[in-house]
Amino acid sequence: MAKAIRILLIEDDVNLADNIVGFLEDFADVNVVNNGLDGEFEGQESPYDLIISDLMLPGENGFEVIKYLRKNGIETPVLILTAKSSLDDKIEGFNVGADDYLTKPFYREELLVRVKALLRRAGVYSEDNMIAVGDVLINLENRGVQVHGQQIKLVGKEFDILTYLAQNKNIIVTRDQIFDRVWGIDSDTTINVVNIYLNNLRRKLESVGQNDLIKTLRNIGFILEVKDA
């Protein structure tokens, strides 16, 4: 079962990266790249909920990676994880667009707390594993969906699409972004499968009165629009 939260870890210390992945694996799917250039590519091309980045990286340093992503409109929260502990480095990190800064060595428990705080601030995580969008309540723990207490039966990918749209409510997402997030950028499935699952999801939402929750913007993408957000 795919996890709802996806994290990009940019870290050239392979052992440390493996340890972080192992620690977070029950909480999130963590993808690791080992240099700054790959970090820039992954951060821009694939949808992530959080980026954790070292500063001293081969290719491009962490400051440059964050500046590149922000310049190209990537607003994914970034947590800097580095041995560079000077005040000047911390100030530069926040100035280039980082959202938090944690120095090595660190306590794993503190890393998890900071990760959860950033995700909670971005609206993609809550302690009770619930996401509420309008009248729709999504349970990330048991993958259940309710509208006014009425359960809706969604198959795996339908639930994943709804969750992704809910985590990005009132934000336009493209068909490519949905495909990359739900099926994976390396999937052999054709991208038209997105439309099939979206149509099925819409029919099920409409059956409980949610007729206009997911809107199609022709030649642009899709948006889960919640007026009271």
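**View 1. The start of helix 2 in a predicted model.** Here a side-chain oxygen of Asn35 comes within 3.1 Å of the backbone nitrogen of Leu37. The model is predicted: local features need pLDDT of at least 70, side-chain atom pairs count only at pLDDT 80 or more, and totals for chains, interfaces and linings use all residues. Residues are numbered from 1 along each chain as its sequence is written, and side-chain values use heavy atoms, without hydrogens and water. Helices (H or I, at least four residues) and strands (E, at least two) are DSSP runs, numbered from the N terminus.

**View 2. The buried residues of helix 2.** In helix 2 (residues 36–45), Gly36, Gly39, Glu40, Glu42 and Gly43 are buried. Buried means under 20% relative accessible area, exposed over 50%, partly exposed in between (1.4 Å probe, protein chains only). Their cover includes strand 1 (6–10), strand 2 (29–33), strand 3 (50–53) and helix 3 (62–71). Covering rests on contact, meaning heavy atoms within 4.5 Å.

View 3. Asp89, Gly93 and Val96 are the buried residues of helix 4 (residues 87–96). They lie on the same side because they cover an arc of only 75° around the axis, taken from the directions from the helix axis to the C-beta atoms. On the other side, Leu87, Asp88 and Asn95 are exposed. Helix 3, strand 4 (78–82) and strand 5 (100–103) are among the elements covering the buried residues. Just after helix 4, Gly97 has a positive phi of about 125°.

Notes
A polar contact is a pair of N or O atoms within 3.5 Å; within protein, one must be able to donate a hydrogen and the other to accept it, and residues adjacent in sequence count only if both atoms are side-chain atoms.
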